[in-house]
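Thanks for coming. I have one model to go through today, and I will keep to what can be computed from it.

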Amino acid sequence: MLNIIQITLKGIFRDRVFQGIIVLAVLFLFVPPAASLSMRQVTELSITLSLSLISFILLLLSVFLGATSIWRDMERRYTFSVLSLPLSRSSYLLGRFFGLALFLILTSAVLGAVSLLVIKVASGMYPPARPVVWSYLLLTLLFITLKYVLLVAVAMLLSTVSTSFFLPVFGTICTFLASGITQQVYEFVHSPASAQTVSPFLKAVASVVYYLLPNLAGFDLKVNAIYSVAPNLQGLAMTVGYFAGYTAILLGSAALLFNRREMK
């Protein structure tokens, strides 16, 4: 598995993905000028823009790397030669996942360091009303990374049942979009205000979808970082446990399906 992780990282760097990320990091230079357009909340806007840019880059990486990794290996017949070695399919799949997860962590660390520098410059030019709590920013970056690592696991699961890249790519994108609003939908259909308008059948369907799809809203700590609001430690612990449990379920299901998949 360690060899698969190393090969995955080498393949990503060989495809010059990291160089493309460095080029995108140039966009952070435009954050302070753009944030200065806000006369009252320059630092808050710079934090918002920096975290949004990091989230967007990690989303692209998690969707396209996670969704195409297995499919590309099978198209190139690389999977067949690797699996002919004394290596289980589960180890191969997990090696791919951990390699992609490590690359996301590395990318988040580099972009996070750049964003912290940019936010420091912006806060020095226009001191905010509330001091920036840097530990909250680091915590927000950590949970953003965990969110997209979980999304990689979703993409890997879809890759094990698909023969093309369309289902993993668009399925992962749809899962990401739906997972951001499942909490709000669940709370609405079970609220007293919807008692007369939502049927019990729709409530049951909403509950099933709510528990099946990953709840990514719990990983969003941008408000805490922007306005220096202390996060709930108990809620953070529950989110970490949710991440570990849900990711384990996704990877276990992916390994089970991949072991039963017929290779042609």
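Among contacts in the protein between residues at least 6 apart in sequence, what percentage join residues at least 24 apart? The figure is 81%. Keep in mind that this is a predicted model.

Now the secondary structure. There are 12 helices in the protein and 0 strands. Read from the N terminus, the order of elements is α-α-α-α-α-α-α-α-α-α-α-α.

Next, overall dimensions and surface. The C-alpha trace spans about 60 × 55 × 30 Å along the principal axes of the protein. The protein has 264 residues, and 45% of them count as buried.

On charges: I count 17 positive side chains and 7 negative ones in the protein. The centres of these two sets are 4 Å apart.

One local feature, then. Five names to find on the surface: Leu 24, Val 26, Leu 27, Leu 29 and Phe 30, which form a nonpolar patch. Together they have about 470 Å² of accessible area.

Take Leu 24 from that group. Where is Leu 24 placed? It sits in helix α2, which covers residues 17–24. Is Leu 24 buried or partly exposed? Its relative accessible area is 34%, so Leu 24 counts as partly exposed. Patch members need over 30% relative accessible area, and Leu 24 has 34%.

That is the end of my part.

Technical notes. Residues are numbered from 1 along each chain as its sequence is written. This is a predicted model: local features need pLDDT of at least 70, side-chain atom pairs count only at pLDDT 80 or more; totals for chains, interfaces and linings use all residues. Side-chain values use heavy atoms; hydrogens and water are left out. Helices (H or I, at least four residues) and strands (E, at least two) are DSSP runs, numbered from the N terminus. Buried means under 20% relative accessible area, exposed over 50%, partly exposed in between (1.4 Å probe, protein chains only). Contact means heavy atoms within 4.5 Å. Lys and Arg count as positive and Asp and Glu as negative; His and the chain ends are not counted. The place of a charge is taken as NZ of Lys, CZ of Arg, CG of Asp or CD of Glu. Patches are made of residues with over 30% relative accessible area and no salt bridge: like charges are joined within 9 Å, nonpolar side chains (Val, Leu, Ile, Met, Phe, Trp, Tyr) within 5 Å. Accessible areas come from the Shrake-Rupley method with a 1.4 Å probe; for residues, only the protein chains shown count as cover. A salt bridge is a side-chain nitrogen of Lys or Arg within 4 Å of a carboxyl oxygen of Asp or Glu.
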